[in-house]
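Please look over the sequence and the structure before reading on.

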Amino acid sequence: MPLRLYNTLTRKKETFRPLRDKQVGIYACGPTVYWFAHLGNLRSYVFEDILRRVLEYNDYKVKHVMNITDVGHLTSDEDTGEDKIEKGARKEGKSAREIADFYTEAFFKDIEKLNIEKPRITCKATEHIKEQINLVKILEKKGFTYQISDGVYFNTSKITEYGRLAKLDVEGLRAGARVETVEGKKNSTDFALWKLTPPGVKRQQEWDSPWGKGFPGWHLECSAMSQKYLGTQFDIHCGGIDHIPVHHTNEIAQSQAAYGEIPAKYWIHGEFLLIDGKKMAKSDANIVTIENISKKFNPLAFRYLNLTAHYHSKLNLTWESMEGAQNALDNLYEATREFKSTADFNLGLGKLADSFGLAGKKTRETLKKFREYKEEFTEAVNDDLDTPKALGIAWKLIGDENIPASLKSKLLEDFDRVFGLKLKDIKPIAIPEEVKKMFKERAKARKEKDWVKSDELRQKIENKGWLLEDTPRGTTVKPKK
Ligand code: AMP
Ligand code: ZN
């Protein structure tokens with residue numbers, strides 16, 4: 001089953017076809033680093049991590065690029081208000097650089113706790129000022145810009161398809177726009193490329209440019225850095241759904257105007273995390289951070305909770321839902337430990353599963369089941385990352401009495417390449433040498449039909465805390481619960 005993904009650009013689930021054979025380029029809009037990431041932000045990064053893992057599960061090599069916004073993101077999407085970093089710096093009595101560096105590091109620590117792999121490239125807006133100025137120069141040369149006292153603006157009326165991603169009613173928007181938020185803006189949808197530092201003001205972060213001292217508009221960094229690291233067209237661009245109407249719409253406008261094409265083929269967006277039925281947002285002061293939940297929960301329980309909802313659905317965070325996720329995660333770990341600790345003596349299936357194609361009817365049947373589970377799982381994750389269904393398959397496998405424990409643990413570890421719940425770290429309980437010895441003696445006694453001795457040995461083994469099970473496939477031994 002080929003990988004299918006919902007593309008916001010076409011509003012359709014499409015078969016994923018990469019631009020370059022087995023290489024996939026992803027650009028994900030990263031955090032604005034003026035405060036700790038909240039669990040809503042982190043839901044978006046978990047979703048992007050799952051996307052990358054599913055691509056890798058399908059044998060693609062992924063180049064994942066993420067920006068770090070450390071300048072230019074204003075408190076209002078209307079190109080007004082304060083720079084969030086400078087505001088944060090003032091609030092904490094630190095420099096803009098200190099604030100940005102501190103929260104960038106905090107962000108990396110948070111994603112590590114959620115087992116989100118750090119993107120291959122993380123790039124800061126402040127380290128790509130030259131690239132951003134160059135992009136404005138290209139846009140200026142091509143006639144897409146105009147300058148007003150506030151800065152250099154992108155003229156959205158010059159793009160015929162402006163707003164396609166969001167299916168914006170551009171005419172309606174422009175006609176219905178109440179007051180011009182920035183004086184001199186030609187269209188209400190126009191946006192800043194380069195903001196000039198107002199006269200008499202000294203910003204902490206500002207740079208010289210052909211248009212005067214100032215700083216880049218927020219959308220500009222993503223067009224400039226995605227082009228630098230992934231080229232003018234790459235495979236996937238992603239982020240939260242709030243990016244559709246403004247940020248991604250404007251990124252498309254800039255890149256299309258400068259380079260002639262929509263930068264990414266697939267635009268994939270994750271739904272919001274809610275708390276008490278409302279979007280979790282820094283501005284609403286309803287935020288919960290990793291640190292807040294860590295006292296009570298394993299951060300990976302939050303990751304598990306994310307897997308229980310499709311990325312297209314809203315997910316409501318409550319203490320009950322976190323408790324449910326923590327319980328499920330504990331049970332998953334316990335089952336994994338049991339399977340890893342169970343020795344399928346006489347079966348040798350652990351090895352067989354690795355080297356498919358061995359003879360023997362029972363082995364063939366078992367391996368067939370192994371493949372069926374793997375196919376079912378692949379089908380689920382390839383169907384637009386259906387992780388709730390994939391989790392259901394994992395739980396079905398756990399309860400399936402026809403699959404030997406050694407295969408279960410192999411399959412669960414294989415599924416965990418997508419789930420990312422660190423099942424590899426679950427250590428088996430080692431079978432003590434004396435139990436192994438008694439097990440062998442018992443097998444011999446059974447062969448010799450010495451049932452009395454065999455039962456005696458079973459009892460002794462149980463007294464040591466290990467449970468024997470004689471199955472049609474052979475005898476297994478596992479720790480008693
Ligand atoms: P920001 O740091 O505000 O630029 O946001 C970083 C990322 O988090 C963006 O991709 C947003 O779309 C996403 N985001 C913000 N709030 C939420 C939320 N409540 N649920 C899911 N994603 C969110
Ligand atoms: Zn972006």
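Predicted model: local features only at pLDDT ≥ 70, side-chain atom pairs only at ≥ 80, totals over all residues.

The chain contains 16 helices and 16 strands, and 55% of its 481 residues count as buried.

**Overall chain**
- The C-alpha trace spans about 100 × 45 × 35 Å along its principal axes.
- Of the contacts with a separation of 6 or more, 74% are made by residues 24 or more positions apart.

**Zinc site**
- Four protein residues donate to the zinc ion (ligand 2): Cys29 through SG, Cys222 through SG, His247 through NE2 and Glu251 through OE.
- These donors lie 2.1 to 2.7 Å from the zinc ion.
- The arrangement is irregular because the 4 donor atoms subtend angles of 77 to 133 degrees, whereas a tetrahedral site needs all angles between 85 and 135 degrees.
- The spacing of the donor residues in sequence is C-x192-C-x24-H-x3-E.
- Cys29 sits in the loop between β3 (23-28) and α1 (39-57) and Glu251 sits in helix α7 (residues 244-259), so this pair ties together parts 222 residues apart in sequence.
- Both Cys29 and Glu251 are buried.

**Helices α9 and α10**
- The axes of α9 (residues 299-307) and α10 (residues 319-341) come within 8 Å and cross at roughly 100 degrees, which means that α9 is roughly perpendicular to α10.
- On the α9 side, the contact involves Leu300, Ala301, Phe302, Tyr304 and Leu305.
- Their partners in α10 include Ser321, Met322, Ala325, Gln326, Ala328, Leu329, Leu332 and Tyr333.
- By class, this contact has 11 nonpolar residues, 2 polar residues and no charged ones.

Notes
Residues numbered from 1 in each chain as written. Chains lettered and ligands numbered in written order. Heavy atoms only, no water. Axes fitted to C-alpha atoms, helices over the stretch in contact; angles between N-to-C directions. Helix = DSSP H or I, 4+ residues; strand = E, 2+ residues; numbered from the N terminus. Parallel < 35°, antiparallel > 145°, perpendicular 65-115°, else oblique. Contact = heavy atoms within 4.5 Å. Nonpolar A, V, L, I, M, F, W, Y, C, P; charged D, E, K, R; others polar. Donors = N, O, S within 2.8 Å, 3.2 Å for Na, K, Ca; no water. Tetrahedral: all angles 85-135°; square planar, octahedral: opposite > 155°, others 65-115°. Buried < 20%, exposed > 50% of the residue type's maximum accessible area, 1.4 Å probe, protein only.
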